[in-house]
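Below is a brief report on a two-chain model.

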Amino acid sequence: MAEIVIENLRKEFGDFTAVQASSFRIEDGEFFMLLGPSGCGKTTTLRMIAGLELPTSGEIYIDGEEVANRPASQRDIAFVFQMFALYPHMNVRKNMSYPLVSQGMKRAQVRAKVAEVARILGIEDILDRPVGGLSGGDRQRVALGRAIVREPKAFMMDEPLGALDAEFREHMAEELRALHDRMGATTVYVTHDQLEAMQMGDKIVVMNHGVIEQFGVPQDIYDKPATMFVADFIGSPPMNFLKFHGEIHPGDRAVRMHDVELGVPQARGPFQGDMVFGVRPEHIRLDDAAPYRGRVLATEYLGTTQIVTLDTPGGPVKARTASADAVRVGDNVGLAFDGRTVTLFDSQSGHALVSELNEGVLAHV
Amino acid sequence: MSAWSITEPTPRQKWVAGILVVLYALVTIVPLIWIVATGFKSPADAISYPPKVLFEPTLEGYVNLFTTRTRQTQEYLDANPPETWYEEIVRQYDMVIAGPSRYGERFVNSIIIGFGSTFLSVFLGTLAAYAFSRFKVPLKDDLLFFILSTRMMPPIAVAIPIFLMFRTLGLSDTHLGMILLYTAVNISLAVWLLKGFMDEIPREYEEAALIDGYTRFQAFRKVVLPQAVTGIVATAIFCLIFSWNEYAFAVLLTSGTAQTAPPFIPTIIGVGGQDWPAVAAGATLFLLPVLVFTVFLRKHLLRGITFGAVRK
């Protein structure tokens, strides 16, 4: 089991910079998520940790040892691929034995070890089957088995649930998390699915265009986004952005937007210019008395809640309200925002403005 | 149901398809049957008109193929009665067997050169294709194009430079020379064909092996090669067929020690009249190795041809 530290890691492919000077720390035993849209550099980062890609510059420490330029075989980590990459010409048992055989382990010992892991994963009955005919879930389990059997320092997983159908994915995600909790092994997990990341991760790194946008526990990432990208990428529907021109001073607890005074978390720094008022859909109430007005464009019924789309002076807004609220398309309603949860952004740079809400989180970005 | 939907063919369609296949088979198989049959005819039957479909089979052609014969005086013939069945055949024409012909040697030459160059082409082609498929090779596209460009003209177009080069290097009429030549011609096919197969093998297999503690070469040998067997076999068959059947260079560059069967077979005609049965016998035997090789590996070949078309 191991702690992994990444320092100023950078990767260029010709003119293209896939990863720009990333630094973060993965604690021992953590389930760590690398989250971002495709092409953001998350897989490249994972492959560099695993040793399948050599970094252009920067350091990777596994248990205090610098390994950035060592071959994958010397790093003692396991990798689970999205397409599983089970050796197609071997049966399940051979697949799982393969990493042990490479270490020169005795045959009887290999057999015992494989049997033990097969029991943990519940795949004892398919050990002698060829991998070709296995279901997606069983392939996934065999791939996990091949990773676990060697008891590596850490697991790297590259969208391991991506190849499964949605229904089964949920089940496998739970199984994976339970397995991690039992083994306590450091796991680095790449996904583009924000729900998966929130559901399974102890910590999340959100990447975009090769840059780390934010790094922290799922609650902080959701409630205290450091950038507009994170606020937009996480959450469904994402955070609402209301653009306005205004100013704020240290100590202010309100901001003037489109001639309406709105409460915000106490500001820590001054700002003047084009700003964005960020608020999650569930933090908006429809209140006829509220001064900030909008016209209802559409409603989506989701069972216990509904998503109401409104047209406001700051742009379109989606609010999540109880489905019992009677809302009709075309209504002119007032919007009340929960001021404690609001994040203000610098419209130009997309960075969050420091306030009492997020100062603890932004400090270590 | 529209005319374009994929459905079970009607009996009528099956009949039409069947007849077409039979017609095509006739066109391709009849000459082959004719050659095999001629090999078992007597010289008189072989050139009789109208051609004989039914005839008394004889091994005369095969005996003539493998032997050289001389005419002998009646006294000698009377003094030495024939001892073996094949001598008896020869005696019909007042001849005796003087010794073995060169067909056996030429056949062995064909095997050495054909299989040798096939092995070398596939071996080098596999390594090159793997490198082109997986590694960052400087000027990769240009190199691949250059390799392909060697096939953009008929190889025989460079016959004269090759002839001169071989003479200077002492490669004329040597096994090594012919193996190198056929390898040079086949290698572009091998590299391109195998690169396609290698590209289809997901990198993740090797990466998994690398992570599992194997070196790059072990991963190649234990994980990539078993996956590439289909492609390797298909490539080997194509290479063998080319080098086995090659005629023009063999005529030009070999005359004795390294002569292959294709240039040798026609020379049989000249020995003691037009011996069509012997020529046909030589051609029939010459077909066998490639036929056996292909039938033996047919399963792989069929999978190989459809490889890119079917998603796994």
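## Domains of chain A

The domain assignment of chain A gives domain 1 (4–223) and domain 2 (237–363); such bounds come from an automatic or database domain assignment. The C-alpha centres of domain 1 of chain A and domain 2 of chain A lie 38 Å apart.

This is a predicted model, in which local features need pLDDT of at least 70, side-chain atom pairs count only at pLDDT 80 or more, and totals for chains, interfaces and linings use all residues. Residues are numbered from 1 along each chain as its sequence is written, while chains are lettered from A and ligands numbered from 1 in the order in which they are written.

## Strand pairing in chain A

Helices (H or I, at least four residues) and strands (E, at least two) are DSSP runs, numbered from the N terminus. Two strands pair if DSSP finds at least two bridges between them.

| Strand pair (chain A) | Sense | Bridges |
|---|---|---|
| β1 (residues 4–13) and β2 (residues 16–26) | antiparallel | seven bridges |
| β1 and β4 (residues 57–62) | antiparallel | five bridges |
| β16 (residues 293–301) and β17 (residues 305–312) | antiparallel | six bridges |

β1(A) and β2(A) form a hairpin with two residues between them. In the turn, G14(A) has a positive phi of about 65°. V5(A) faces R25(A) in β2(A) and Y61(A) in β4(A).

An open sheet of five strands in chain A runs in the order β15-β19-β16-β17-β18, with antiparallel pairing. β15 (284–286) and β18 (315–322) of chain A stand at the edges with a single partner strand each, so one side of each has no neighbour in the sheet. Within this sheet, V296(A) has L310(A) in β17(A) as its bridge partner.

## Chain B

Chain B has 15 helices and two strands. Its radius of gyration (taken over C-alpha atoms) is 25 Å, well over the 20 Å that the globule rule (2.2 Å times the number of residues to the power 0.38) gives for 312 residues, so chain B is more spread out than a compact globule. The C-alpha trace of chain B spans about 85 × 65 × 40 Å along its principal axes.

## Where the chains meet

17 residues of chain A are in contact with 14 residues of chain B; contact requires C-beta atoms, placed from the backbone, within 7 Å. β6 (77–80) and α2 (92–102) of chain A each supply at least two residues of the side of chain A that touches chain B.

Key. Two residues are in contact if their C-beta atoms, placed from the backbone, lie within 7 Å.
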